[in-house]
2 protein chains.
Amino acid sequence: MEVVSENRCFGGTQGVYRHRSQCCGCDMTFGLFLPGGDRGDRGPATGNSGHGNAERGNSNDGQAPALWYLSGLTCTHENAMVKAGAQKTASRLGVALIFPDTSPRGDGVADDDAYDLGQGAGFYVDATEEPWAANYRMWTYVTEELPGLVFDRFPLDSGRQGITGHSMGGHGALTAAMRLPGRYRSVSAFAPLSHPTESDWGRKQFSAYLGRTDAQEHDSTLLMRDLGFDGPVLIDQGSSDQFLDLLKSSDLAEAMNTRGQEGRFRMQPGYDHSYFFVSTFMDDHLEFHADALRN
Amino acid sequence: MEVVSENRCFGGTQGVYRHRSQCCGCDMTFGLFLPGGDRGDRGPATGNSGHGNAERGNSNDGQAPALWYLSGLTCTHENAMVKAGAQKTASRLGVALIFPDTSPRGDGVADDDAYDLGQGAGFYVDATEEPWAANYRMWTYVTEELPGLVFDRFPLDSGRQGITGHSMGGHGALTAAMRLPGRYRSVSAFAPLSHPTESDWGRKQFSAYLGRTDAQEHDSTLLMRDLGFDGPVLIDQGSSDQFLDLLKSSDLAEAMNTRGQEGRFRMQPGYDHSYFFVSTFMDDHLEFHADALRN
């Protein structure tokens, strides 16, 4: 694993790391924020960029709980890291943040001219169809390979994980949380893509990656109807979101209500789909997860 | 003036606006955050992007104090707007934020291949030399033309202004504050370019834009020695800043101490020159300015 950069930030360390992904068959980059205080002092070096030492095993004490943040279409590991404004409150709460990329990348990796297919649009599924199957295994990457790496290399407590995400990343967060019971204590999402088997954000990609459009195991609304989540759920949705018709988050809200799912679905008047919306409610989500992640 | 975008953000409105600049001879873009609450409700529309109404005059009540944020080399109006994490606390404090661009721009505007000369590197001076003199009038733009526009079009209180900036923008903020006594109640800076007549960030640009390197009227350290600032000053500087030798902020600190300038110069251990540094201390600067900007 290569240290791309490490910047001191709110008393902790905002790092960017690159590693060879076995499941994706390419180099992958991710961001990781280690909070300050006692934990920060045990984390990677916090001086100039690119010279830190992230090669350390876990210690039994001082391990931070970890909140996964899955990003949306066109994003890399970097967007939320620089635009969501999460580090201040994460540092205060002692919560680490993990920012994976949204797809495999590189010259040898299949791509598409559309912004919503191929690189930057992995949709958190394991592709079975050509030309995607060789690299597009983001489900395995985000739920198996990257957790294995970060819990081995950083002082993080794998017993205390939460997961969140924005748009396509909200879809990834919700499906992972419901399909892996016991893995995450809490799940939240900002304007999640919520009913992809009934949306053009979903049918198109499931058809390309999976060869079928009825992938109910990757549909949060259907999973909420069938399984639900054994823990608290928090969803924020802007009422002026320009993608409401594609996200179909109201279908998820209805499924939550029908099921009696523990949690809240909040419609936020006047907010759109941008990071100005995400950053506005980020602190609420961090407090929500921190409550669930206390020892 | 054209509304490029308006996004609801922390109960207020983060807008981006474009206008024809007379002094720069080109279109210029700036960001403006209007805080929420009573003030936000009187500001531009807060729904979808691009359809708001910023064309309104001042009202006598409900005018927000204004904090200018001048950006550094290579930046546009956008960097601080999306990366500095200022809106949450600005909204709580009821302070508006103005984010000007750092230079004139466009196909007809002179440029240079270097990152530190030409577009993105206006240095907050009025150029007298060719090929720059026709457009590079950022001193006049930031201290005269843009204030005239924003105080006419937005509910801002011109009697309550503060100014801050990062790197080259810290240079702009400090020189404006000292040369325009009575204009700004408070000045702060993040890692300011502090002694440009003695730095390669300064001599090169003053030579190109002004035809001379001894531009003491654009040198914060020299202005601090000669004039000082009639109000509080706050400077933050990271000890691991990769540009310490070019910034020469320690010369400014020495001039502040020698003069007995009201204010603080804080060396922040382990922080570098990035927006991870700026965002970490942004709330301190907002509180500092808000204290000075109270009625």
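Start with the strands of chain A: they form an open sheet of nine strands with mixed pairing, in the order β1-β2-β3-β5-β4-β6-β7-β8-β9. Strands here are DSSP runs of type E with at least two residues, helices are H or I runs of at least four, and both are numbered from the N terminus. Two strands pair if DSSP finds at least two bridges between them. Now pick out β1 (2-9) and β9 (263-268) of chain A: each has a single partner strand, so these two stand at the edges with one side lacking a neighbour in the sheet. On average, neighbouring strands are turned by 20 degrees against each other, direction ignored.

A word on what you're looking at. This is a predicted model, where local features need pLDDT of at least 70 and side-chain atom pairs count only at pLDDT 80 or more, while totals for chains, interfaces and linings use all residues. Residues are numbered from 1 along each chain as its sequence is written, with chains lettered from A and ligands numbered from 1 in the order in which they are written.

Zoom in on β1(A) and β2 (residues 12-21) of chain A, which run antiparallel and are joined by seven bridges. Select A:R8 and you'll find its bridge partner, A:T13, in β2(A).

Next, select helix α10 (residues 275-293) of chain A. It lies across β4 (64-70), β6 (156-165), β7, β8 (233-238) and β9 of chain A, at about 175 degrees to β7(A). Axes are lines fitted to C-alpha atoms (for helices, over the stretch in contact), and angles run from 0 to 180 degrees between N-to-C directions.

Now hop to A:T197, in the loop between β7 (186-190) and α6 (200-210) of chain A. What does A:T197 touch, leaving aside residues up to four places away in sequence? Among its contacts are A:R203, A:D214 and A:L222; a contact means C-beta atoms, placed from the backbone, within 7 Å.

Finally, show both chains. 22 residues of chain B are in contact with 22 residues of chain A. On the chain B side, β1 (2-9), α2 (78-83) and α10 (275-293) each supply at least two residues. 100% of the interface residues of chain B are also interface residues in chain A, so the copies meet through the same surface. A rotation of 180 degrees with 0.0 Å of shift along its axis superposes chain B on chain A (RMSD 0.0 Å), by least squares on C-alpha atoms of residues with pLDDT of at least 70 in both. The two copies are therefore related as by a two-fold rotation axis.

Technical notes: Two residues are in contact if their C-beta atoms, placed from the backbone, lie within 7 Å.
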